[in-house]
Amino acid sequence: MTASSAANSPSRGRIIAARTLLVLGVLLTVISILSTYVKREALDPDQFRETSQALIDSPAIQEQVAAQMVEALYANVDVSGELEDQLPSNLQALAGPIAGLSRELVDRAAQELVTRPRIQSSFVELASFSQAQFVEVLHGETDVVETSGGNVVLDLRPLVL
């Protein structure tokens with residue numbers, strides 16, 4: 001009975017081949033799904049525009065965009081220093097506390113700002129413009145950015161001129 005069961009079991013080579021084909025099939029499926037996503041979502045301008053609009057309509061995304069805007073403002077502007085320059089000399093010591101208190105107001109204003117249709121439209125336009133530039137780079141249709149030997153080369157001469 002041992003001889004007949006050994007004859008019916010698959011050989012080691014078949015097991016390895018089956019596992020290899022399974023891994024290859026899963027890998028090809030993942031690559032296929034990813035390439036379809038990139039083609040239909042990232043490279044299609046109309047679909048990208050629709051997705052951008054859907055994203056900026058989301059309250060969670062609006063909250064993150066507003067928070068990022070406020071962070072960028074406070075990282076690039078010395079709010080306390082600007083207030084100090086605008087206040088009379090006898091109130092300049094209050095610039096720091098006022099700047100701290102104004103942070104909450106700026107947060108609320110930014111939240112309100114990103115809910116406005118005009119701002120959302122600008123977000124979609126900027127995202128679509130960035131996507132179009134990315135597609136141009138991928139297709140090699142730009143003079144400023146090019147790929148050379150697997151390296152991305154940024155030509156800053158047009159910007160400087």
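Analyst: Let us begin with Gln62, which lies in helix 4 (residues 59-76), where a helix is a DSSP run of H or I with at least four residues, a strand is a run of E with at least two, and both are numbered from the N terminus. This is a predicted model, in which local features need pLDDT of at least 70 and side-chain atom pairs count only at pLDDT 80 or more, while totals for chains, interfaces and linings use all residues. Residues are numbered from 1 along each chain as its sequence is written, and side-chain values use heavy atoms, with hydrogens and water left out.

User: Why is Gln62 called buried?

Analyst: Buried means under 20% relative accessible area, exposed means over 50%, and partly exposed lies in between (1.4 Å probe, protein chains only). Gln62 has a relative accessible area of 10%, so Gln62 is buried.

User: What makes the pairing of the side chain of Gln62 with the backbone oxygen of Ile56 a polar contact?

Analyst: A polar contact is a pair of N or O atoms within 3.5 Å; within protein, one must be able to donate a hydrogen and the other to accept it, and residues adjacent in sequence count only if both atoms are side-chain atoms. Here a polar atom of the Gln62 side chain lies 2.9 Å from the backbone oxygen of Ile56.

User: Which residues does Gln62 touch, leaving aside those up to four places away in sequence?

Analyst: With contact meaning heavy atoms within 4.5 Å, Gln62 touches Ile56, Asp57, Gln111, Val114, Thr115 and Gln120.

User: Why is Ile119 called partly exposed?

Analyst: Ile119, which is found in helix 7, has a relative accessible area of 31%, and because this value falls between the two cut-offs, Ile119 is partly exposed. Apart from residues up to four places away in sequence, Ile119 touches Leu113 and Val114. The C-alpha atoms of Ile119 and Ile56 are separated by 9.6 Å, although these residues are 63 residues apart along the chain.

User: How is the packing of helix 3 and helix 7 described?

Analyst: Two packed helices are described by the angle between their axes and the distance between the axes. Helix 3 (residues 45-57) and helix 7 (residues 117-139) pack at about 140 degrees, with their axes 9 Å apart; axes are lines fitted to C-alpha atoms, for helices over the stretch in contact, and angles run from 0 to 180 degrees between N-to-C directions. Among the residues that meet are Phe48 and Ile56 in helix 3, and Phe123 and Val124 in helix 7.
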